[in-house]
Amino acid sequence: MEDSKFYATYSVIHRFFVIGFFLILFGTHATVAQKYNIKRYSVNEGLPSGNVYDVHTDDMGYIWFATSYGLVRYDGSDYEVLGVNEGLKDDLLYSFYFDESGYVWVSTETGGVAKFDRYEFTYLPELSVLDTMVVNYITGRKDELWFGTNEHGVFIWNYATNQFKKITEEEGLPSNQVWDIYFSGEDTWISSVFGIALYSEREGIIKSYTQEDGIGGEYTYQVIEGSNGNLWIATSNGVSIVKENGEIENITELNGVELGYIFSVVEDDAHKVWIGTERQGVFIYDDKNPVQIKKANGLSSNFVNRLVKDTDGTIWIATDGDGVNVFKDMNFKFYDKNSELGAASVYSSTISRKGIMWLGTDQGLVKFETGTFKKFPIPEPYYQDDEIWDIEELPNGNLLLLTYTYELLEFDGERFFRPGFYDTVSDYYINDILVQEDGSIYLSSFGALIYINNGEAEFFIPPDDEYWQQALGIMFKDSRDILWIATEGGVSRFINGEFEFFTSEHGVVGNSIFEIVEDQDGNLWIGSNVGISVLKKEQASSDQLIFQEFYNEGIFAGETVFLQFDHKGGLWQGTNAGLNYIDLNGWGTNEYSVKQIHFPLTEYGRGMEFNGAAKEIDENGNVWFGTNSGGLISYQFDASSDPVVFKDAPETYLRSIRSNGEIIFDQLKSGKEPRPVLIDYNFNDLSFHFSAAEFINTNSVSYKYMLQGFDNNWKTGVDIDQVQYTNLDPGNYSLMVSAKSTKSDWSEPASLISFNVKKPFYLTIWFFVLSGLALIGVVLAFVSSRINKLEKVELQHLVDKRTEDLKLALDEKEVLIKEIHHRVKNNLAVVSGLLELQGFRIPQGPAKQALVESRMRVIAMSKIHENLYQNSDLANVDFRKFINDLVRGVHATYNQFDKNIEVIQYIDELHMNVNLGVPIALITNELVSNCYKHAFANQEEGTITIMFSKNEQDYVLEVKDNGYGSDKDLLEIRTKSLGMTLIKSLAAQVRGDLRYNGNEGSHFVLTVPKEGANFF
């Protein structure tokens, strides 16, 4: 028991923390082996930690990682880390499990099990018994959750009945330290540290296997049941196989490599068993040829924590220290500059009659035979650093080489030298070499096709001087013994020493031709800068050639640098952005649709760049390709007769919808199947975020989408995860999306969401009904109004006629009145003159004074009538001007030259009716005249102040002086003064209120209501 406790502590540390010594020893070890096409999920790709202990894909299109920094959720583009901030005790996850309801159950280093509901972690009171326990493994079935603990055996919780059962050493478990639980039918295999045990609900522990029973290692970590019924047990010393007859086979080494600690085993769909080791990476085991894959082969780490097989059959390799690995395609193998090849660029290739592959690289000539590479650098003076762009085998077994600088070399297996005809062709820029079976040679160059036979050269000059016809490129001799030559403007057929040129007018796709090949049926395939065209067999020998464009969806690079047929009916198209595979089985039949696979062979960007003259198919049917910077690549077919395997298309999920920038749908809140959405008409700028459940080539997923109700055609793009539509009209819409991975056909178009943009209120039926009723009302009102208007127009016409007549009469009346005022003024002037003449005859005294005063009153009245007939409107007399003129007349008459009398006026700018203005003007005249006559008898100077204003109800006239004043009861006593009598009379006439104050000079205040003018 003490050993068990010791190992429990050691194993936890050993499993979840990378031992630096081994990382250094095995992580930096140089390698010469080929590499595989492996995708890595690590810190550099966005994972928060390189220590990954478990992987899971769910039914909502997410992949989940259990890491030492929390639970990670990934949708194919964005990582979301869930941990302490969401309620977890700590971030170091040991295990997680998805139940049938979609909840996630998580265990961490500090103990206990938490339930995650998409947003937060919760520790249920029902599981409080586990709070102090470290749970190494969680799984479940039916209504039960199973927890494998580090020291307390297995706890089984029935959440329907909230009851617990325990399986411990007391019940026959080899150890209470449990690492894994595997369901086999109704029974369960439990992997504990000192052995595995088979548990039956009815019988308990049925049997167990430990080291004493023949298991190869002292410690066990996992057990699975293979398709053949054998048990595979991961142990501390390799794997143990328990066969159906009870016999145990221990595998402690493979390919001469000690396996050591094995933490995980899994069987793939091809029935091969994957073995994850502590220090030696992964072994893929079958009885014939086990394959080891290590860091040297492209794996991110040699320390494998766990192997997980998802629902698609993909194997995920979780490592302790450098993330998760998954094979993009195991059939590809890479030989780069870090392998024995030792070159980054492979420009050309050929396979000799002896089966030897020769490669032209950036390091010279390389021989590849029986799995080994041998380099032959080009020596001086033959351009040691030059690139070999073409390799052809001569009948004697020597190689004829063409370099980047148009130089020709010959190689006999040991040395390089000039071919015998070199001097004959040295002035030409050679572009391609074609060696025929009889030993004769064709050389294409700029300006000439050169034929070499027995050392003699014959030159064939293109008939025209156009550049594209002079630029002769690669050559191909078909099965009909016709020579085809690529040019910069099309393809040329060379027969009997004559050139025939065919361009886009004949159906050739593109201008620059890079490849010409023939399939097994005799059809000719031409690869160009934009695509592929085909010349059918029956057309190749005719006089009028008609080329056909080969189908291409346009989502992958179409520029063809090479074409290579394989032995299983497939066509490989090398491009400047990846490798395309086209399944031609059944091509040409009506019912067949050509399928395409795109292999980017890079993690980022559109794909790897290939070289045109480097492609071969060997005697085993494997195809080989040379790249511009990735070395040599081979694709090795499986033993089955199937061609390249197409996978099912990925399912696409709607992640979110934004309306005018605000989220109105979120997959995590609304679930996998979104309900129809109703959108207000003024929130019709919509953005849809979706992604496919494709985690192998995440950056190379192609999408076709269409918004039914808006788009008329499908729109296509690569690596699109968001589309936007603005100002959508009211109506019903459905977002249709189809996805295609690099290894699948298009998925069936699926509606991710249906939604309705509501009509604005002014487009609803009720609005139209109400608008109709309102329109009827408006029409009725208009008709009624029109009738009334016509009646009013007629009436208005009569009124206008009458008004015109009245205005004419009024104008005549005003002219007459003005004439009367003029005549009255003239008559008053005459009276004034008579009074003045009469005054001359009367000596000084009261009589003469009376005449003067009478004359002044007459002049005042004359001045009033003068202003009236000069005024344009008798109803609105300018009263300020009226008073100014009146006061100037009084001042001229009464002013005495021995006295300095100042008149100050504060008169508002206003107009009034003549009926009210005349009496007030006369009152003003009498009051001002009175001041001149009486106020300053004993003073040499004085001031007269005249103020006239109006308020809301009244006109107010104030006349005051600073003379000696009069009796304060002046207005109450009877007086013989004609002027005072006239003042009182006129004030009464306009119904004014006249007041007097004589304390400090005379001060008269007359208040006249504005309605006074209506009294007349």
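Accessible areas here come from the Shrake-Rupley method with a 1.4 Å probe. With that noted, I looked up the surface of this predicted model: the protein exposes about 48,700 Å², and carbon and sulfur atoms account for 48% of that.

**Overall form.** I found ten helices and 73 strands in the protein. Its radius of gyration is 56 Å, while the globule rule gives 31 Å for 1016 residues, so the protein is more spread out than a compact globule. I also checked the extent of the C-alpha trace, which is about 170 × 95 × 65 Å along the principal axes.

**Burial and contacts.** I see 51% of the 1016 residues counted as buried. Of the contacts between residues at least 6 apart in sequence, 53% join residues at least 24 apart.

**Charges.** I looked up 83 positive and 146 negative charges, and their mean positions lie 16 Å apart.

**Aromatic rings.** My search of the whole structure gave 69 aromatic pairs. One of them joins tyrosine 74 and phenylalanine 695, a tilted pair with 6.1 Å centre to centre and 45° between the planes. I was happy to trace where these two sit: tyrosine 74 is in strand β4 (residues 70–74), phenylalanine 695 is in the loop between β61 (686–692) and β62 (702–708), and the two are 621 residues apart. Both tyrosine 74 and phenylalanine 695 are buried.

I then turned to tyrosine 261 and phenylalanine 263, whose ring centres are 6.3 Å apart with planes at 35°, so this pair is tilted. Tyrosine 261 and phenylalanine 263 are both buried.

Last, I noted a cluster linked by ring pairs, with Phe332, Phe562, Trp572, Tyr581, Phe599, Phe610, Phe625, Tyr635 and Phe637 in it.

Definitions and conventions
Residues are numbered from 1 along each chain as its sequence is written. This is a predicted model: local features need pLDDT of at least 70, side-chain atom pairs count only at pLDDT 80 or more; totals for chains, interfaces and linings use all residues. Side-chain values use heavy atoms; hydrogens and water are left out. Helices (H or I, at least four residues) and strands (E, at least two) are DSSP runs, numbered from the N terminus. The radius of gyration is taken over C-alpha atoms; the globule rule is 2.2 Å times the number of residues to the power 0.38. Buried means under 20% relative accessible area, exposed over 50%, partly exposed in between (1.4 Å probe, protein chains only). Contact means heavy atoms within 4.5 Å. Lys and Arg count as positive and Asp and Glu as negative; His and the chain ends are not counted. The place of a charge is taken as NZ of Lys, CZ of Arg, CG of Asp or CD of Glu. Rings of Phe, Tyr and Trp (its six-membered ring) pair if their centres lie within 6.5 Å; planes under 30 degrees apart count as stacked, over 60 as edge-to-face and the rest as tilted.
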